[in-house]
Amino acid sequence: MTATPKAKQQATPCGFLNVLKPPGMSSHDIVGLVRRLFQVKKVGHAGTLDPGAAGVLPVAVGRATRLIEYLEHADKSYRAELTFGVATDSGDTSGNVLERCDTFDMPSRDVVEETLARFRGAITQVPPAHSAIKIGGRRAYELVREGKAVDIPARHVTIHALTLAGYDAARHRLLLDVDCSSGTYIRTLCFDIGRAVGLPAVMSFLVRTRVGAFQLKDALTLEELAAAGTDALLAPETMLAALPRYDLPPARATSFVNGLSTHDFHIAQLPKEVAIVRVYGDGVFLGIGRINHAGATVTPEKVVADQQRTSNK
């Protein structure tokens, strides 16, 4: 695992964990395990993984849970297995079969490549009914389980890269590498690719290889996590490196932690498109601030640093 500054300055554990979720466990199961392991109530995850899927699951501990929303919108990467010949109501192999085709010709590699090209860039998806999307305040999958019909609106997502990593004509399977925006459903992508070539298709396996700065190569198995304990915690700011850094003027750290805005003429040097920043005071990460270019101010949006700690500096 690559060396990263640890978030151990506070008495209560605070930081992120890069967890390798195994198949068969839900994202909520992982949160419960971390709560027991670290004896901390405040634990949350960014970007739900289906129970049957494996891969990167960012988990926030302590005050770092305030930063989860900034990870939920991060781009993600996956390796997915698509199987032709069957379609289900969930889009993966756990659902009820809607269509089956036992005898068919596997589309050629050239046809597959031409089809994948149509799904790169900005596309529209209709997420599966078996999803965590809320409809009228209820999860869609809860309504489906109760036998209720759900109407999920289409959404716009972006497929940054879509590569054919494997072609198995004998087993009617494709291996796909996908880089995509937040909100993309790989189950739906597999179904839509099948429909584009005139065949039912299902996502037969999924591994998430990246969430923002969280990489599969650095993810810890549950056994490694238990052995490492708090040494596995990553400093919150290292996982938000995509946000610009902003250093407060001297002696303004306590004011920021107390929720007060700061006027700083140096804000004019920031690009106009910058709206939120990682805020530091005296070299210490304090949280997330929102920039007001017109007023040349930075206002606390999410404070992570401990008030007593900044007051004693």
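User: What should I know before we start?

Analyst: Welcome! This is a predicted model, where local features need pLDDT of at least 70, side-chain atom pairs count only at pLDDT 80 or more, and totals for chains, interfaces and linings use all residues. Residues are numbered from 1 along each chain as its sequence is written, and side-chain values use heavy atoms, with hydrogens and water left out.

User: Why is Leu20 called partly exposed?

Analyst: Buried means under 20% relative accessible area and exposed means over 50%, with partly exposed in between (1.4 Å probe, protein chains only). Leu20 has 27% relative accessibility, so it counts as partly exposed. Leu20 sits in strand S1; strands are DSSP runs of E with at least two residues, and helices are runs of H or I with at least four, numbered from the N terminus.

User: What does Leu20 touch?

Analyst: Leaving out residues up to four places away in sequence, Leu20 touches Gly55, Leu216, Ala219, Leu220 and Thr221. Contact here means heavy atoms within 4.5 Å.

User: What makes Phe16 and Phe214 an edge-to-face pair?

Analyst: Rings of Phe, Tyr and Trp (its six-membered ring) pair if their centres lie within 6.5 Å; planes under 30 degrees apart count as stacked, over 60 as edge-to-face and the rest as tilted. For Phe16 and Phe214 the centres are 5.9 Å apart and the planes make 85°, so the pair is edge-to-face. Phe16 lies in strand S1 (residues 15-21) and Phe214 in strand S13 (residues 214-215), so the pair ties together parts 198 residues apart in sequence. Both Phe16 and Phe214 are buried.

User: How do you know that Arg245 lies over the face of Tyr280?

Analyst: A charge sits over a ring if NZ of Lys or CZ of Arg is within 6 Å of the ring centre and within 35 degrees of the ring normal. Arg245 is at 3.6 Å from the ring centre of Tyr280 and lies over its face.

User: Why is helix H5 described as largely enclosed?

Analyst: Eight of the eleven residues of H5 (residues 186-196) are buried, so the rest of the structure largely encloses this helix. Among the buried residues are Ile186, Leu189 and Ile193. The elements they pack against include helix H3 (109-117) and strand S10 (155-168).

User: How do you know that strands S16 and S17 pair?

Analyst: Two strands pair if DSSP finds at least two bridges between them. S16 (residues 276-281) and S17 (residues 284-292) have six bridges, in the antiparallel sense, so they pair. One example joins Ile276 to its bridge partner Arg290 in S17.
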